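Thank you for making time this morning.

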Amino acid sequence: MKVLQFDPTRCIGARECERECSRTWFKEENRDKSAIRINQEDGRYAMVACTQCGECIDVCPTMAIRRDKRGIVRIDKKLCVGCLSCVGFCPYLAMFFHADYTEPFKCVACGKCVETCPSGALAIADVPDAPLTKTEQRLARGEA
Amino acid sequence: MSNKPLNHRILAEFRYDLPRVERGYAGQTLYVNVGDGSIAARPVDEGMKHTFTGGRGFDLWLLWQAVTGDTRWDSPENEIVISTGPLGGTTTYPGAGKSIVATISPLTGIPVDSNVGGYFGPLLKFAGWDAIEVQGIAGQEVIVFVDGDSGIVRIIAAPEEAVDSYRLPEQLMAEFGGDTPAEKRAVSSVTSGPGAEHVLMGCLNFSFYDVRRGFVRLKQAGRGGIGTVLRRKRIKALVVKRSGVRGDSNGPADWGRLERTGARMHKEIHDQDPRMFDMRGGGTTYITKIMNDYDLLPVHNFQYGSHPEAVKLYKSEFRPYFSLGIPNGCWYGCTLACAQCVERFELRTGPLAGQTVPVDGPEYETIAGIGANCGIWDPRAVLEANFYCDMYGIDTISFGTATAFVMECYEAGILNRERTGGLDLRFGHADAMLELLHQMGRGEGFGLVVGQGIRRMKAIFAERYGADPKFLQDIGMECKGLEYSEYVSKESLAQQGGYGLANKGPQHDEAWLIFMDQVNNQIPTFEDKAEALHYFPMWRTWFGLNGLCKLPWNDVEPADNKTAHPPREAAKVPEHVRNYVDLFVGVTGREDVREPADLIRMSEKVYNFQRVFNLKMGQGTRQHDRPPYRSMGPVTVAEYESRADRYDKQLRELAGIDPAGKTTEEKIAALRAYREAQYEKLLDAVYARRGWTPDGLPTIETLRDLGIDFPDVVELVQSRIGG
């Protein structure tokens, strides 16, 4: 499955990725609307973005969160009821929300930020598929 | 079921323009009379919002206008009123989808309010109605259908549907829902069952569609016999349909504030629930062990507080039956997720013996009531009874407590096989308990006697069998006519008051003070206890005004709650109280609400109004706040001797009586005199704190101060207290 990856040794803190992400998905430059966040901790840069682990799939009450064929975890806005359970239960704090919208948002590994990073700190990698979540196991058994 | 169209003749129809829900209110309530077919919209004005807030407050206000002091539970003018309140339907914060139901109770004759999950209340509001009041008695079996997608309310003849809450909610889903999961979760029903037609302790089942499990789940408005009222009205179901729930369907004034507060709370549950009570991993089943450890678990009709076999009813014994790791909230966004589900359970008795069915629950109250209190240490028997109670529409708490009462009567020789129609109702007899339940479902045998509740049984056993009325009064665990919920209050004076003073009767949702009082000794004086018996009942009432669940308040706490606050403050969970201020202001935008005291004020209005409502129905005074002695101390020699050291010490150190040389009977009498006097002092202190007269009525000044001095309210209270 495709996942956004980050190399802290290359990051220079330009935050082009944040601006590109919010431009791509929300048509404005606004860090609060970016699905990737670069934080500085103890002099080093760290990225917060979805790992596509799928834990949020099992907490969504309407099954609005599913994994697509590429392994990317996606939110179906038509089914989302804006409860933000997924925000509180994301182990990486990588599910975001903003007062302008009732649905949360997350990185879908589109790769736009990779193209704009001036120091080559980001990449889209192909990693082994995450284990099936409880919901996915039920779907596979035809139970959900 | 077959796909052939059902005989759904429309008996009455009302069309309306769907209002936008703004700041938590639809701005109107729905009146439906199933007797004469009239249907009407009634406005909700600012005064009603500010005085009664919503939920239980709206229920009681509408019910007050519908009934007189002569109304009985089965009178046509009695109503079932359902309202969620302004925060109900919020999806961002856990436990914000409750419906609150009220009626004149068959068991008590006064208003009962019951707080229940499922989607009905929120969907009703999003369909344009802050409350529904259903009056009248239908001439035939009917369904009331509120179609919020089309703006139509209908009373429909329903001769063909099932009555029971195993088949009926699925039938209703098939009839009124669509094919997709999203269409199915747009429908919610309120049903009861055949048992509710035969007993006074009928419950309501509120539904929600579980998209993963693929079937309809049920939550119960259990207390007070509201299901009995529904069936008396010949209503098979109330059904609401409203598609397209969104995060902002409740029209909040400040969505961003709700987002921030809700996301923070979800994270707290994610981090803290596994370290605290693990409700996500077993619901309320964890409570059995704690109660047994602290000698608070009702055993053998509340005689004892623990039992060596109680371990068989611990969470560890139920958890293997539950399907875990997927959502178990009874409304969107409840990450505390206590609504556990057994997806496949094979029944061994009753009309569905041999079939595999889903069971919603069990909750702690069901385990303690039907299990420990009846001496039945068998989780499968508890699960089986849980299923059939729901299917028949019977309250598990009243059923458990009433069955424990008859089991003690059986062992005391008041009952025998002949009098029970062949049932060997000794403690521990699961098969007899289950057969009693099936008799209630079929409407026959001794089940009809037990189904009338403990208050009526006491009179029957004294009259028919010559039983000692005083003994029956002492061991019959009811107050105001309602059966006790499942906690032993003997060693906590404050909790005796919590139960005895509760407006609707002894249910723990008004006050649960046992740990503060008995275990941690944080409220030692009468003034302390009175303050706690003011604050906590008002605080807990507030949940019922707003469509909220109590559990996310203190069944999970911030990590630093106990270190950041002194113990008595920590018991209030101040950070969560602030969350609720945020939520209320975030939804309603009310600028006059700024601090926790403003929330308490809302409750005081409704709570005092309900107290006066009790007076209107012939109760509501001091004499009705006196509980059975079993809830206050040891009735029998065996009970006394099971805690002899504690009781002897109390006689010596508190009552100034030397127990040496006294018989157990003499010590029981001395302890009783002491404890009953303590209880009277507690009532004095609580009444004074609440602004009530010594007879337990709100003074005219209190009514004025709270803005509930309506002419008929003042006249009623004045007629009783003079002046």
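This is a predicted model: local features need pLDDT of at least 70, side-chain atom pairs count only at pLDDT 80 or more; totals for chains, interfaces and linings use all residues.

Residues are numbered from 1 along each chain as its sequence is written, and chains are lettered from A and ligands numbered from 1 in the order in which they are written.

Let me begin with the domains of chain B, whose bounds come from an automatic or database domain assignment. Chain B is divided into domain 1 (10-241), domain 2 (283-321 + 340-483) and domain 3 (494-721). Between domain 1 and domain 2 of chain B, the C-alpha centres are 28 Å apart, and their contact takes 29 residues from domain 1 and 25 residues from domain 2; here two residues are in contact if their C-beta atoms, placed from the backbone, lie within 7 Å. On the domain 1 side, the elements giving two or more residues are α6 (194-198) and β12 of chain B, and α6(B) gives the most, with five residues. Helices (H or I, at least four residues) and strands (E, at least two) are DSSP runs, numbered from the N terminus.

Next comes a sheet in chain B. Seven strands form an open sheet with mixed pairing, in the order β1-β9-β8-β13-β10-β11-β12, where two strands pair if DSSP finds at least two bridges between them. Its edge strands, each pairing on one side only, are β1 (10-15) and β12 (215-221) of chain B. β1(B) pairs with strand β9 (residues 152-157) of chain B in the antiparallel sense over five bridges, and in this pair Phe14(B) stands opposite Val153(B).

Which strand holds Leu238(B)? Leu238(B) is in strand β13 (residues 235-241) of chain B, and it counts as buried because 25 other C-beta atoms lie within 10 Å; the cut-offs are 20 or more for buried, 12 or fewer for exposed and partly exposed in between, with C-beta atoms placed from the backbone. Leaving aside neighbours within four places in sequence, Leu238(B) is in contact with Ile132(B), Val134(B), Val144(B), Ser189(B) and Val190(B).

Val144(B) brings us to the largest nonpolar core, which has 248 residues, and of these Val32(B), Val101(B), Val144(B) and Met433(B) touch the most other members. Such a core is a set of buried Ala, Val, Leu, Ile, Met, Phe, Trp, Tyr and Cys residues joined through C-beta atoms within 7 Å. Helix α12 (residues 379-392) of chain B gives the most to this core, with nine residues.

Finally, how many residues does each chain give to the contact between chains A and B? Chain B gives 27 residues and chain A gives 21 residues. On the side of chain B, the elements giving two or more residues are α5 (181-184) and α8 (255-272), and α8(B) gives the most, with nine residues.

In chain A itself, I would point out strand β2 (residues 37-41) and strand β3 (residues 44-48), which run antiparallel and are joined by five bridges. Gln40(A) stands opposite Tyr45(A) in β3(A), and in this hairpin, which has two residues between the strands, Asp42(A) takes a positive phi near 50 degrees.
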